Amino acid sequence: MVDDTSRLLGLDGLAVVGVTDGPQGLVVQVNTADERARMCPECGTRARRSKGRRTTRPRDLQVGGRRPQLVWTKRRWLCEQAECRRKSFTESVPEVPPRKRLTARLRSSAGAAVADRGRTVVQAGRDHDVSWPVASAAFTFHAQQVLPAQPDPVEVLGVDEVRRGRPRWVFDEAAGSWVTVRQRWHVGFCDLSGGQGLLGQVEGRNAAVMADWLAAREQSWRDQVKFVAIDMCTIFKSAIGRMLPNATLVVDHFHLVQLANQALTEVRRRVTVQVRGRRGRKGNREWELRNRLTRCAARMPGEHVDALVDELSTLPAAIAAPILAAWNAKEDLLDLLALARINPDRRQVARRLHRFYTRCAEAGVAELERLAATVETWWPQILAFLHTGITNAGSEGTNRVIKTVARDAYGFRNAVNQRLRTRCATTRKTRGHLDPH
Ligand SMILES: [Zn+2]
């Protein structure tokens with residue numbers, strides 16, 4: 001029979017015997033109220049002879065906005081079993097495990113604050129009145145409970161790189177230039193089809209470390225990966241091709257559009273320097289239109305597009321012709337990529353691709369030839385994007401979470417901790433912690 005005060009405190013196995021006002025607030029006296037606490041932890045025999053009492057003050061959660069001080073008077077017992085190695089033991093209940101100075105619920109609340117509620121370790125420590133190392137250990141324990149040790153099967157895998165911390169440079173006197181001495185790149189693996197968020201990360205940006213991570217998964221796991229979304233990076237291509245030979249590689253439109261806009265900007269800068277002998281500035285129409293050039297024409301009002309073309313045409317031909325060619329090539333590429341997710345037929349794709357290649361070939365502009373060559377190299381992966389519409393946006397989103405978590409924590413010294421924190425942060429939604437209800 002549990003009395004009302006004990007029920008209010010809600011610590012199973014402990015009964016409240018008195019509540020008083022102490023100098024530091026409420027003092028709650030508790031006794032053990034669980035028969036099992038009397039069983040020897042070694043042999044399970046019920047002890048009969050007591051060795052006296054001990055008093056402990058385990059810290060607990062707040063109750064009604066106040067943090068009562070628990071004073072638990074418990075017994076030490078003698079184990080009378082002759083063959084038992086344990087001669088004596090002190091009572092313990094699951095809510096306050098042996099040798100712990102925190103209640104289990106305080107520890108798990110501090111851990112959950114970091115893993116599930118987006119708190120930093122410092123803040124969780126303050127909220128729960130525990131030190132940083134205690135809050136950090138509580139988080140690690142909680143994270144290991146809620147995250148699977150091995151990732152579940154994934155249908156669409158995302159691979160992306162992220163830089164940890166800042167690069168460091170030193171000035172090389174001999175060469176007379178700055179050289180990078182430290183650049184810590186990590187490659188992350190994300191679940192793009194399910195809700196597992198970041199699956200893992202490897203340090204370094206080469207095919208060998210990526211292949212090692214994939215090799216550490218089971219063959220059945222690797223066989224279940226159907227698509228892999230990557231950036232246009234040959235390292236990723238070779239590692240995935242070797243380890244997941246049956247998966248289809250997909251390159252999304254984002255990086256392609258970025259490349260096309262870069263090519264257009266390079267052309268504009270080059271012809272300005274060649275014709276005007278200096279960089280572009282106010283008064284040079286092609287410089288003033290630089291942001292409008294890289295916008296998607298399909299999303300601009302028709303009269304703006306007409307005005308853009310008209311204004312470029314009034315410029316000297318040496319400037320206007322290459323810029324217009326690059327702009328048209330970029331728009332052709334956008335038209336091609338716009339076929340994604342609408343189940344295009346082969347002729348439609350071939351027609352738009354042909355138009356893009358022809359434009360690049362006829363322009364006689366080196367930057368466009370390079371762009372066309374890149375598209376040709378990656379064409380199988382681009383075509384896979386047109387048919388599946390799979391993008392690597394989920395991986396980029398994970399990178400944003402990695403950086404946000406790192407900023408909140410004012411950086412991490414320990415990459416393993418960082419990974420655990422990011423994995424918790426990217427799985428919060430799936431684990432049901434972002435649902436307002
Ligand atoms: Zn025993």
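The model is a predicted one, where local features need pLDDT of at least 70 and side-chain atom pairs count only at pLDDT 80 or more, while totals for chains, interfaces and linings use all residues. Residues are numbered from 1 along each chain as its sequence is written, and side-chain values use heavy atoms, leaving out hydrogens and water.

**Around H15**
- Helix H15 takes in residues 379–388, and its buried residues are Trp-379, Gln-381, Ile-382, Ala-384, Phe-385 and Leu-386. Here, "buried" means under 20% relative accessible area, "exposed" means over 50%, and "partly exposed" is in between, using a 1.4 Å probe and protein chains only.
- Those buried residues have cover that includes helices H7 (234–243), H8 (253–276), H12 (317–337), H13 (346–363) and H14 (366–377), plus strand S12 (248–251).

**The whole chain**
- You'll find 17 helices and twelve strands in the protein. Both are DSSP runs numbered from the N terminus: helices are H or I with at least four residues, strands are E with at least two.
- The radius of gyration is 32 Å, whereas a compact globule of 437 residues would come out near 22 Å. That value is taken over C-alpha atoms, and the globule rule is 2.2 Å times the number of residues to the power 0.38.
- Along its principal axes, the C-alpha trace spans about 105 × 55 × 50 Å.
- Of the 437 residues, 43% are buried.
- Take the contacts with a separation of 6 or more: residues 24 or more positions apart account for 59% of them. A contact means heavy atoms within 4.5 Å.

**What the UniProt record marks**
- An unreviewed UniProt entry annotates residues 39–81 as "domain: Transposase IS204/IS1001/IS1096/IS1165 zinc-finger". That span is 0% helix and 42% strand, with its end C-alpha atoms 11 Å apart.
- The annotation "domain: Transposase IS204/IS1001/IS1096/IS1165 DDE", also from an unreviewed entry, covers residues 189–421. This span is 66% helix and 7% strand, and its end C-alpha atoms lie 15 Å apart.
- UniProt positions follow the numbering used here, feature names are shortened, and annotations may be inferred rather than shown by experiment.

**Arg-53**
- Arg-53 sits in strand S3 (residues 49–56), and it is exposed because its relative accessible area is 52%.
- Setting aside neighbours within four places in sequence, Arg-53 is in contact with Thr-73, Lys-74 and Arg-75.
- From Arg-53 to Leu-157 is 104 residues in sequence and 58 Å in space, C-alpha to C-alpha.

- Most residues other than glycine have a negative phi.
- Arg-99 has a positive phi near 65°. It lies in the loop between strand S5 (88–90) and helix H2 (104–115), and counts as exposed at 83% relative accessibility.
- Asn-343 isn't a glycine either, yet its phi is positive at about 55°. Its place is the loop between H12 and H13, and Asn-343 is exposed, with a relative accessible area of 67%.
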